Protein chains: 2
Amino acid sequence: MAPTPKKYGMVLYEGFQLLDVAGPLDVLNLLSTHVDGISLSLVAETLQPQSTSPKCFPENMGMKPFATSQVLIPDHTFETAPQFDVLIIPGGMGCFDPNDAGKPNLTILNPVIQFILKQYPKLQYLLTVCTGSGITSLTGLLDGKKATGYKGAWKVIPPWRPQVSWVPSARWVVDGNIWTSSGVSSGIDLVFAFVEATYGGKIAQDIAVWMEYNRHLDPNVDPFGIQEN
Amino acid sequence: MAPTPKKYGMVLYEGFQLLDVAGPLDVLNLLSTHVDGISLSLVAETLQPQSTSPKCFPENMGMKPFATSQVLIPDHTFETAPQFDVLIIPGGMGCFDPNDAGKPNLTILNPVIQFILKQYPKLQYLLTVCTGSGITSLTGLLDGKKATGYKGAWKVIPPWRPQVSWVPSARWVVDGNIWTSSGVSSGIDLVFAFVEATYGGKIAQDIAVWMEYNRHLDPNVDPFGIQEN
């Protein structure tokens, strides 16, 4: 039986979505008060502060660019990061091509894709939030697996990798050791479910009460799900 | 009629709770794509990166210190910050005295208290999340007003300022131009309700759908409320 996972890595890139990252991180900060030895690193292509606002905002997404943004500071680069037990891939507007939001921004995503492929063979679990599953699908690791993702870009992202069995209505999906969530705030529910499955229901519930968070408990109930015919 | 608020300030201090800050910030980042001219600044005593983990963790809180943490970087100090329209005060473990968690950590909080008092006369709105209402109560601005706060410290914080009419069961409370929320994740619901009241229900709902967030819509329904006899 594999040891309980301890070493968490969260990927950052220009244009990550703040809550995709901060929701799971805060649950894991609390986990570190319950389970000894938890570590948590932010990893990006460089050690430069990474902004929530992409340098070039996708033009044809039907929304105006963010006028406000925040930065988080990576602890490691993709080159220098240690091997993690659990890697988390957040979503964000940075994953879309600024000139054609129907396409992935491979300038931003290729280093992320290579890092996922480098880490995956020794990962215990790979978790994605929102469009993070779209990014991860480009590695091929989701081929033939069930996965979900951001419902606001459902017409855009699944075509990036039709070999994935995309689930149009699910708060989150588990297939093997890969957990994928729906959009933004659903990443919090995914991480709570992961903590429950991995460290026990009492710890997950204690953290939820501490954070006064009303969990979505059923992965199949998706208030934002797409009804396909 | 006062103009629609545009200039937001979020206070940081050592030991702020990540989701108290990041939840509201991400809603406001999205607001900035709907409403022109929104600005959003992080403000602290100094321009040093502010950590989610307090330098001295309160000893008698019945929990172990965080083993993991993140930092956010202030844009302004309390001295140099411009006048805001809306000021947000987050909660966090940093507000408790490391040697006696029953007491406020005035070394950390006095500069915050002075900043609230400096800003309040020209603020349109003052918003608090979690133990942020406890901090704000120390200014005296909540005296005679209804307010709520973090239910996990309900025996500790209301005695800091008995002149406040503390509400033991509410997801959030509005009294005059001061909005106070319950613990951690309830700050997201408070900000959505504030956006709805201030910019209209359609914008609030559009942002909630974009973030796939299931809002708590009734401030009086508090899943973590305290039943007092």
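Helices (H or I, at least four residues) and strands (E, at least two) are taken here as DSSP runs, numbered from the N terminus. In a predicted model such as this one, local features need pLDDT of at least 70 and side-chain atom pairs count only at pLDDT 80 or more, while totals for chains, interfaces and linings use all residues. Residues are numbered from 1 along each chain as its sequence is written, chains are lettered from A and ligands numbered from 1 in the order in which they are written, and side-chain values use heavy atoms, with hydrogens and water left out.

**Pockets**

Let us begin with the open spaces. A pocket is an open set of points on a 1 Å grid over the protein atoms alone, where a 1.4 Å probe fits, with protein on both sides within 12 Å along at least five of seven lines; lining residues have an atom within 4 Å of a point. Grid points are joined across faces, edges and corners, and a volume is the space filled by probe spheres set on the points. For the linings, Ala, Val, Leu, Ile, Met, Phe, Trp, Tyr, Cys and Pro count as nonpolar, Asp, Glu, Lys and Arg as charged, and the others, Gly among them, as polar.

| Pocket | Volume | Lining by class |
|---|---|---|
| Largest pocket | about 330 Å³ | 11 nonpolar, four polar, four charged |
| Second largest pocket | about 250 Å³ | eight nonpolar, five polar, three charged |

The largest pocket has 19 lining residues, and A:M61, A:M63, A:Y150, A:G152 and B:W210 are nearest its centre. For the second largest pocket, 16 residues form the lining, with B:E14, B:E45, B:Q50, B:K55 and B:I108 closest to the centre. Helix α2 (residues 106–119) of chain B gives the most to that lining, with three residues.

**Where the chains meet**

Contact means heavy atoms within 4.5 Å. By this criterion, 49 residues of chain A are in contact with 48 residues of chain B. Buried area is the accessible area (1.4 Å probe) that two parts lose on being put together, summed over both; between chain A and chain B it is about 4,100 Å², with 59% given by carbon and sulfur atoms. On the chain A side, A:W210, A:E212 and A:F224 lose the most area to chain B, together 19% of what that side buries.

A:E212 sits in the segment after α5 (201–210) of chain A. With buried meaning under 20% relative accessible area, exposed over 50% and partly exposed in between (1.4 Å probe, protein chains only), A:E212 counts as buried at 1%. Its phi is positive, about 50°, although A:E212 is not a glycine. Most residues other than glycine have a negative phi.

B:S133 belongs to helix α3 (residues 132–137) of chain B and is buried, with a relative accessible area of 1%. A polar atom of its side chain lies 2.7 Å from the backbone oxygen of B:T148.

In chain A, A:T148 is found in the loop between β10 (146–147) and β11 (165–166), buried at 0% relative accessibility. Its side chain makes a polar contact (a pair of N or O atoms within 3.5 Å; within protein, one must be able to donate a hydrogen and the other to accept it, and residues adjacent in sequence count only if both atoms are side-chain atoms) with the side chain of A:K151 at 3.3 Å. The A:T148 side chain also reaches the backbone oxygen of A:V167 at 2.8 Å.
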